[in-house]
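Let's take a friendly walk through a protein structure together. Have the sequence and the 3D view open, and look up each residue as we come to it.

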There are 2 protein chains.
Amino acid sequence: MNTRVGRRTVELGRRPVIISSAAVVGAKEGEGPLAKDFDMIVSDDKMGQKSWDLAEGAFQKTAVELALKKAGVTAAETDCVLAGDLQNQCVAANYGLRDSSIPFYGLYGACSTMIESLSLGALLVSGGAFGRVMCSTSSHFCSAEKQFRNPLEYGGQRAPAAQWTVTGSGAALLAESGTGPVITHVTPGKIVDKGVNDMNNMGAAMAPAALDTIIAHLEDTNTVPSDYDLILTGDLGIVGSDILCDLSAGSGYDISSVHNDCGKMIYNIKEQDVHAGASGCGCCASVFCGYVMRRLNKGLYKKILVIATGALMNPTTIQQGESIPSIAHAVSITAR
Amino acid sequence: MNTRVGRRTVELGRRPVIISSAAVVGAKEGEGPLAKDFDMIVSDDKMGQKSWDLAEGAFQKTAVELALKKAGVTAAETDCVLAGDLQNQCVAANYGLRDSSIPFYGLYGACSTMIESLSLGALLVSGGAFGRVMCSTSSHFCSAEKQFRNPLEYGGQRAPAAQWTVTGSGAALLAESGTGPVITHVTPGKIVDKGVNDMNNMGAAMAPAALDTIIAHLEDTNTVPSDYDLILTGDLGIVGSDILCDLSAGSGYDISSVHNDCGKMIYNIKEQDVHAGASGCGCCASVFCGYVMRRLNKGLYKKILVIATGALMNPTTIQQGESIPSIAHAVSITAR
């Protein structure tokens, strides 16, 4: 039975197992320091499709199929998929998975979607609703750039605090039983908006949401940062990570000795000229499903906390002068 | 304990109770035949906001607050909200609920979002993850029209099969116990795409998805249409409802004697000049949370099946020549 602990954390009674995962990324991500940890590096960022929109869907479809293959599970044996992405109306997931025939629940949590998906998937498996749940997200530099910022051909100067949207997807398959790390706790995020309205500084907008969820999780589970081998945030990048570590020290929960951020890990930041690091649903998804899962499976991490952050505005609300509401969802995971 | 029955339906062990609901709609909806069944009719469709985008969020915020008030439950006593809408990056839910302080999971299922929300909410409550879950969605004629079709000022001629987006929101509060109807079964939708690519005929695109889910639900639960007092689809409108009834008769599960559609119910279709009826997340949400919940609470319906349909394209994919992937999520509900 699941148990609510503290203010907002759920301790999972029957711990869902992450029985497989797959990370599929583009060429630029394949030139970064995590190249060996991805399942597939695709040299054609268009994936043979006629548009960037559909190309992103093809990344997600490939990640889902690969995660199934690695687990030896068919689509028909998968009870549902929880999927989303950054495109308007989440069309990467919708079109990418339309032929999968897996029952489909669409999510939108911006760059928090991978952990939103793992959170809800874990709760559904633990509650006995489903035996196997696929969790997947994606992002694509080209589909995101043209939608959120400028036409690709424009070649605008990027701001120092801007982050580079990852081209890639990650998929993780949860099951009632099997071999792999288990999800032990889920802490849902609350929307936090501290008034930041700079679309070129998402890290600053999202850091307070990450802090809010991390503190809730630590207090609810009666743990401290040093109980974890890694406290991994989704994609705050360099600027947001610095803010989060400063805020955490000031709050009495200094995470800096165990903290890392997917947005700081996937690229050689200076050499690859990505300014403040990486972002996008595909950032946390590919780093978690590739790099982190490999280390959990090898026992290099025993207990970790993963918090993905999302910025919940759209370009219209920013043009209207609104600030950026943000959210962060957390799961804690134990290797076995 | 939850039990999977048949191919893809979950029978809920501890049946979640819909302890309250609220429907808040705009002026045009308040002039329709269901006016008496809404909790609030707002004469200012802008809700005192400076943009249509924020106005839609204000509808959703009002519906959530009203549903809490009717149940005598505070936001702090609500474990999470599952919310979404049609706007790019779901900003109506994100901004409307940013001050609510309720842990937040964002969903995107287009016009299927209300039942996607009730489905996941029911599974989470039944699985013991959360004690109280708020489910809410909204749509707004003006935010949808400018985003999906034409600038409001353009005044373009509407196609005969076009549906009018409802301005309104519905919110329903699920709990482990209490007074109200209970959700007994959940059947998740699969993405179905039969090749329709006419953005002005969503009903035709979505009807096959509704049929797929209805047949799965009936077969999984070993029931027939006449076992239900009402089989209610989300918003197929006149054209899509006719197609669904024809398809259902041809499939051996003729639902026509117990079928109705939220898109046919909310307006006086001819007098209010809405062509093929209504659509939008707020259509199913306000009709279900207003009209249907009142009749369940009075015992006028004993057992119903509600299936909300969603069209999962965006304007860009349609301009690129793609067809419209669709989905339909179902819950069955029993009065007590």
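**A walk through the model**

Begin with A:N222, which sits in the loop between α6 and β11 (230-233) of chain A. Helices here are DSSP runs of H or I with at least four residues, strands are runs of E with at least two, and both are numbered from the N terminus. Before going further, note that this is a predicted model, in which local features need pLDDT of at least 70, side-chain atom pairs count only at pLDDT 80 or more, and totals for chains, interfaces and linings use all residues. Residues are numbered from 1 along each chain as its sequence is written, chains are lettered from A and ligands numbered from 1 in the order in which they are written, and side-chain values use heavy atoms, leaving out hydrogens and water.

Most residues other than glycine have a negative phi. Is A:N222 buried or exposed? With 71% relative accessibility, A:N222 counts as exposed; the cut-offs are under 20% relative accessible area for buried, over 50% for exposed and in between for partly exposed, using a 1.4 Å probe and protein chains only. A:D273 also has a positive phi, near 55°, and belongs to the loop between α8 (262-265) and β13 (278-279) of chain A.

Now turn to helix packing. In chain A, the axes of helix α6 (residues 202-221) and helix α7 (residues 237-250) come within 8 Å and cross at roughly 40°. Each axis is a line fitted to C-alpha atoms over the stretch in contact, and angles run from 0 to 180 degrees between N-to-C directions. α6(A) and α7(A) are therefore oblique to each other: angles under 35 degrees count as roughly parallel, over 145 as roughly antiparallel, 65 to 115 as roughly perpendicular, and the rest as oblique. Which residues of α6(A) and α7(A) meet? On the α6(A) side they are A:G203, A:A204, A:A207, A:P208, A:A210, A:L211 and A:I214, and on the α7(A) side A:G240, A:I243, A:L244, A:L247 and A:S248, where contact means heavy atoms within 4.5 Å. By class, this contact of α6(A) with α7(A) has nine nonpolar, three polar and no charged residues. Ala, Val, Leu, Ile, Met, Phe, Trp, Tyr, Cys and Pro count as nonpolar, Asp, Glu, Lys and Arg as charged, and the others, Gly among them, as polar.

Another helix pair in chain A is α4 (residues 113-126) and α9 (residues 281-297), with axes that come within 7 Å and cross at roughly 60°. α4(A) and α9(A) are therefore oblique to each other as well. A:T113, A:M114, A:I115 and A:L118 of α4(A) make this contact with A:C281, A:C284, A:A285, A:F288 and A:C289 of α9(A). Sorted by class, the contact of α4(A) with α9(A) has eight nonpolar, one polar and no charged residues.

Helix α5 (residues 141-148) of chain A is mostly covered, with seven of its eight residues buried. Those buried residues pack against α2 (52-71), β7 (132-139), β8 (164-165) and α10 (315-319) of chain A.

Next come the charged pairs. How many salt bridges are there over all chains? A search of the whole structure finds 30, each being a side-chain nitrogen of Lys or Arg within 4 Å of a carboxyl oxygen of Asp or Glu. In one of them, the closest N and O atoms of A:R98 and B:E322 are 2.8 Å apart. This pair crosses between chains, and A:R98 and B:E322 are both buried.

Within chain B, B:R14 forms a salt bridge with B:E176, the closest N and O atoms being 4.0 Å apart. The two residues are 162 residues apart, so to speak linking distant parts of the chain. At 36% relative accessibility, B:R14 counts as partly exposed, and B:E176, at 38%, counts as partly exposed too. B:E145 and B:R158 form another salt bridge, with the closest N and O atoms 3.2 Å apart. B:E145 is buried, with a relative accessible area of 9%, and B:R158 is buried, with 18%.
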